[in-house]
Amino acid sequence: MAQSKILIIEDDRDIREGVGVLLMGEDYEVLEAEDGARGLALLDDTCDLVILDVMMPGMSGIECCKEIRRRRSTVPILFLSAKSQEADKALGLLSGGDDYLAKPFSYMELLARVKALLRRYHIYQGKDGEDFGQEIPTVVRGDFALDLRAGVATKSGRPVDLTDTEYGILSLLAAHPGAIYSAKQIYEAVWDEPYDRSVNATLMVHISRLRNKIEQDPKDPRLIKTVWGRGYRFV
């Protein structure tokens with residue numbers, strides 16, 4: 001596998017350089033930016049991950065994340081923030097982020113999250129040449145189609161912009177139509193972390209955002225069904 005490139009957008013020089021040294025020690029290629037504008041200028045299709053501070057002068061991390069998604073980029077985004085309340089995490093995820101790590105954080109936890117995001121990105125985007133979803137390469141429901149082999153979702157013939165996490169949830173469910181996956185199963189498969197009940201809100205945010213993108217009527221979902229008390233299934 002080619003060396004992964006990680007872009008760090010962080011206004012605190014000590015944190016930015018410390019994280020950069022850690023990642024370079026793991027043989028990642030690292031780009032550093034002190035603010036959102038500089039980060040957007042450095043971002044291109046060769047970037048495999050963005051580590052993004054939430055609270056920055058000028059363009060906030062939330063605004064920067066929204067601009068990255070407006071550019072139709074599905075690069076994974078890991079937020080770093082001193083804010084650790086559930087509402088703050090939800091805001092980061094709703095703006096297009098894939099994961100959220102509260103400050104202060106341990107370098108061991110940061111590195112574990114980086115590796116998990118990169119692993120999923122390379123697998124789901126086909127960067128390692130893996131034949132993901134080999135048993136059911138394409139799932140079609142009305143005007144919606146998901147090519148699991150190519151890692152592409154379309155609606156009415158147009159590509160659907162999915163983040164790495166959204167695609168992870170969708171591909172897990174769609175690869176096994178009718179099977180019910182609990183919140184625990186989905187979270188541990190997609191986030192690659194131990195589950196606890198506090199992450200239910202995080203999962204619900206991603207499911208809601210996914211429905212807004214693929215359903216004809218997100219308020220009456222026909223593709224991703226909630227099975228109350230048990231989890232979710234793709235119909």
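**Salt bridges, helices and the parallel sheet**

Glu188 is partly exposed, with a relative accessible area of 29% (buried means under 20% relative accessible area, exposed over 50% and partly exposed in between, with a 1.4 Å probe and protein chains only). The model is predicted, so that local features need pLDDT of at least 70 and side-chain atom pairs count only at pLDDT 80 or more, whereas totals for chains, interfaces and linings use all residues. Residues are numbered from 1 along each chain as its sequence is written, and side-chain values use heavy atoms, with hydrogens and water left out.

Glu188 forms a salt bridge with Lys184, with 3.2 Å between the closest N and O atoms (a salt bridge is a side-chain nitrogen of Lys or Arg within 4 Å of a carboxyl oxygen of Asp or Glu). Both residues belong to helix α7 (residues 183-190), where they are 4 residues apart, about one turn of the helix; helices (H or I, at least four residues) and strands (E, at least two) are DSSP runs numbered from the N terminus. An α-helix has 3.6 residues a turn, so residues three or four places apart point the same way. Lys184 is likewise partly exposed, at a relative accessible area of 41%.

A search of the whole structure finds 16 salt bridges. One of them joins Asp98 to Arg69, whose closest N and O atoms are 3.0 Å apart; this pair links distant parts of the chain, 29 residues apart, with Asp98 in the loop between α4 (86-94) and β5 (99-102) and Arg69 in helix α3 (residues 61-70). Both Asp98 and Arg69 are buried. By contrast, the salt bridge between the side chains of Asp220 and Arg222 (2.9 Å, N to O) involves a partly exposed Asp220, at 35% relative accessible area, and an exposed Arg222, at 55%. Glu10, Asp53 and Lys103 are linked in a network of salt bridges.

Five strands form an open sheet with parallel pairing in the order β2-β1-β3-β4-β5, two strands being taken to pair if DSSP finds at least two bridges between them. The edge strands, β2 (29-33) and β5, each pair on one side only, and the twist averages 20° from one strand to the next. Angles run from 0 to 180 degrees between N-to-C directions, with axes fitted as lines to C-alpha atoms, for helices over the stretch in contact. Strands β1 (residues 5-9) and β3 (residues 49-53) pair in the parallel sense over 4 bridges, and Ile8 stands opposite Ile51 in β3. Helix α3 packs on the sheet, touching β1, β3 and β4 (77-81), and its direction makes about 175° with that of β4; contact means heavy atoms within 4.5 Å.
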